[in-house]
Amino acid sequence: MRTAGALATTPPELRPLLELCATSPRRVAWKDDDELRRLARTLLDEPMPS
């Protein structure tokens, strides 16, 4: 997730996975679900590449 955050823009193909991570009500394979959700929301807020 942090690697994706290092990109200039979020690739469109990552958006479905990011949306799942940001909105999943259950735990995902991560040591800190809140951090994962925050990172996913941050990446979703970035503009789409043109």
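Student: Of the 50 residues of the chain, what percentage count as buried?
Tutor: This is a predicted model, in which local features need pLDDT of at least 70, side-chain atom pairs count only at pLDDT 80 or more, and totals for chains, interfaces and linings use all residues. Residues are numbered from 1 along each chain as its sequence is written, and side-chain values use heavy atoms, with hydrogens and water left out. With buried meaning under 20% relative accessible area, exposed over 50% and partly exposed in between (1.4 Å probe, protein chains only), the share of the 50 residues that count as buried is 32%.

Student: In what order do the elements of the chain run from the N terminus on?
Tutor: Helices (H or I, at least four residues) and strands (E, at least two) are DSSP runs, numbered from the N terminus. On that basis the chain has 3 helices and 0 strands, and from the N terminus on its elements run α-α-α.

Student: Are helix 2 and helix 3 parallel, antiparallel, perpendicular or oblique?
Tutor: The axes of helix 2 (residues 15-23) and helix 3 (residues 33-45) come within 8 Å and cross at roughly 140°, where axes are lines fitted to C-alpha atoms, for helices over the stretch in contact, and angles run from 0 to 180 degrees between N-to-C directions. Angles under 35 degrees count as roughly parallel, over 145 as roughly antiparallel, 65 to 115 as roughly perpendicular and the rest as oblique. The relation of helix 2 to helix 3 is therefore oblique.

Student: Why are the buried residues of helix 2 placed on the same side?
Tutor: The buried residues in helix 2 are Arg15, Leu18, Cys21 and Ala22. The arc is taken from the directions from the helix axis to the C-beta atoms. They lie on the same side of helix 2 because they cover an arc of only 125° around the axis.

Student: Which exposed residues does the face of helix 2 turned away from its buried side carry?
Tutor: The buried residues of helix 2 pack against helix 3. The face turned away from that buried side carries the exposed residues Pro16, Leu20 and Thr23.

Student: Is aspartate 34 buried or exposed?
Tutor: Aspartate 34 has its place in helix 3, and its C-alpha atom is separated by 9.9 Å from that of cysteine 21, 13 residues apart along the chain. With a relative accessible area of 59%, aspartate 34 is exposed.

Definitions and conventions: Contact means heavy atoms within 4.5 Å.
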